[in-house]
Amino acid sequence: MIGTRSASGSPHPQVDPDADILQGLASGQSSALGTLMDRHLAAIKSCAWHMVGDEMIAEDIAQEVFIKAWKQAPNWQPGRAKFSTWLYRVTKNLCYDRLRKKTEIYPEIIPDMIDERPLANQVVELRQTSTAQKTKIDRAMAQLPDRQRMAITLCHYRELSQIEAAEIMEIRVRAYESLLARGRKSLREQLKRHKRELLEG
Amino acid sequence: MDMNKQEIQELLKAGRKPDTDMSLLQVRILKSAKQTPQDGLSTGASYTNFASWKSVVATLILTTGIGFGLGQFQGQAASENTDYLSAEALLSFSIASDYDETGLEPDQEGDP
């Protein structure tokens, strides 16, 4: 059954911003699914992408999330968690599943995203530098434990509140704060050496 | 040298980003949704199913009752006409007869 209670155990007090389309979604209107995707698809895919680090897998996860939403919409119980929280929660679980199944989602060396079209040498050089910097950040993120990476993703990439992020991760706010602090500490240690070049680059 | 939350935010945003064009993915999901039936377990839907099931049962009981009632009326009229005849026929089968034809003269008109 979808529409679970919040991490604190009390019903979610806020009005669900997606309430207007949930009825349409439950009655099988594909236009409602389209609206839901307009609102959340980019965020869900981005969240999955930061977790698994692969475009295709992130798209597969996003598709699975929205198909689950479509399938289970008639069972949705309003007045509990927000629908978007449920979407993120499903995303998180699917990401964990994928990472568990394939522990080497991130290769040893992340391939450079160099455009293979002929370009002036200077542009290529700049792009290579930029890609190298981005690779360092990706590597640092990839080396975090899954739960810490999820906590960082929800806070720094999705910019969700700690209460909402804790609900998504199905833990108490205190536990989320602790997870986030540990994640930041690990990232800090890994990125400290490259801080100046990364920020300047 | 320590990095604060803001600096981590800036660093992370400088990293790679996923493809932002969602149009193809949207089409793919909509196509897949059209082939995926929704769960029909909502409270409203099950109540409607239950209500229609109840009305079917009520109709069946009512029509069976009416049919039985009509049958009773027609049955009474038929038995009034046939009771005596059927009873006599049944009696003729069950009572042993001591009638014997062996000692009788042949018919005058029938056999040559």
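Chain B and chain A bury about 3,900 Å² between them, and 63% of that area sits on carbon and sulfur atoms. Please keep in mind that this is a predicted model. Three residues of chain B stand out here: B:Leu12, B:Arg16 and B:Gln38 supply 22% of the area that chain B buries against chain A, more than any other three residues.

What about charged and polar pairs across the interface? The rule finds 2 salt bridges between chain B and chain A. In one salt bridge, the side chain of B:Arg28 meets the side chain of A:Glu59, with 3.6 Å from N to O. As for polar contacts, 14 residue pairs are found across the interface of chain B and chain A, with both residues at pLDDT 80 or more.

Let me move to chain A itself. How many helices and how many strands does chain A have? There are 9 helices and 0 strands. Read from the N terminus, then, the order of elements is simply α-α-α-α-α-α-α-α-α. Chain A has 201 residues, and 49% of them count as buried. On contacts within chain A, take those with a separation of 6 or more: 69% of them are accounted for by residues 24 or more positions apart.

Last, the aromatic rings. Over all chains, the count by this rule comes to 2 aromatic pairs. One aromatic pair is formed by A:Trp76 and A:Phe83. A pair of aromatic rings is described by the distance of the centres and the angle of the planes. For A:Trp76 and A:Phe83 the values are 4.9 Å centre to centre and 85° between the planes. Is that pair stacked or edge-to-face? It is edge-to-face, because planes over 60 degrees apart count that way. Both A:Trp76 and A:Phe83 are buried. Ring pairs also bring in A:Trp86, so that A:Trp76, A:Phe83 and A:Trp86 are linked into a cluster.

Definitions and conventions:
Residues are numbered from 1 along each chain as its sequence is written. Chains are lettered from A and ligands numbered from 1 in the order in which they are written. This is a predicted model: local features need pLDDT of at least 70, side-chain atom pairs count only at pLDDT 80 or more; totals for chains, interfaces and linings use all residues. Side-chain values use heavy atoms; hydrogens and water are left out. Buried area is the accessible area (1.4 Å probe) that two parts lose on being put together, summed over both. A salt bridge is a side-chain nitrogen of Lys or Arg within 4 Å of a carboxyl oxygen of Asp or Glu. A polar contact is a pair of N or O atoms within 3.5 Å; within protein, one must be able to donate a hydrogen and the other to accept it, and residues adjacent in sequence count only if both atoms are side-chain atoms. Rings of Phe, Tyr and Trp (its six-membered ring) pair if their centres lie within 6.5 Å; planes under 30 degrees apart count as stacked, over 60 as edge-to-face and the rest as tilted. Buried means under 20% relative accessible area, exposed over 50%, partly exposed in between (1.4 Å probe, protein chains only). Helices (H or I, at least four residues) and strands (E, at least two) are DSSP runs, numbered from the N terminus. Contact means heavy atoms within 4.5 Å.
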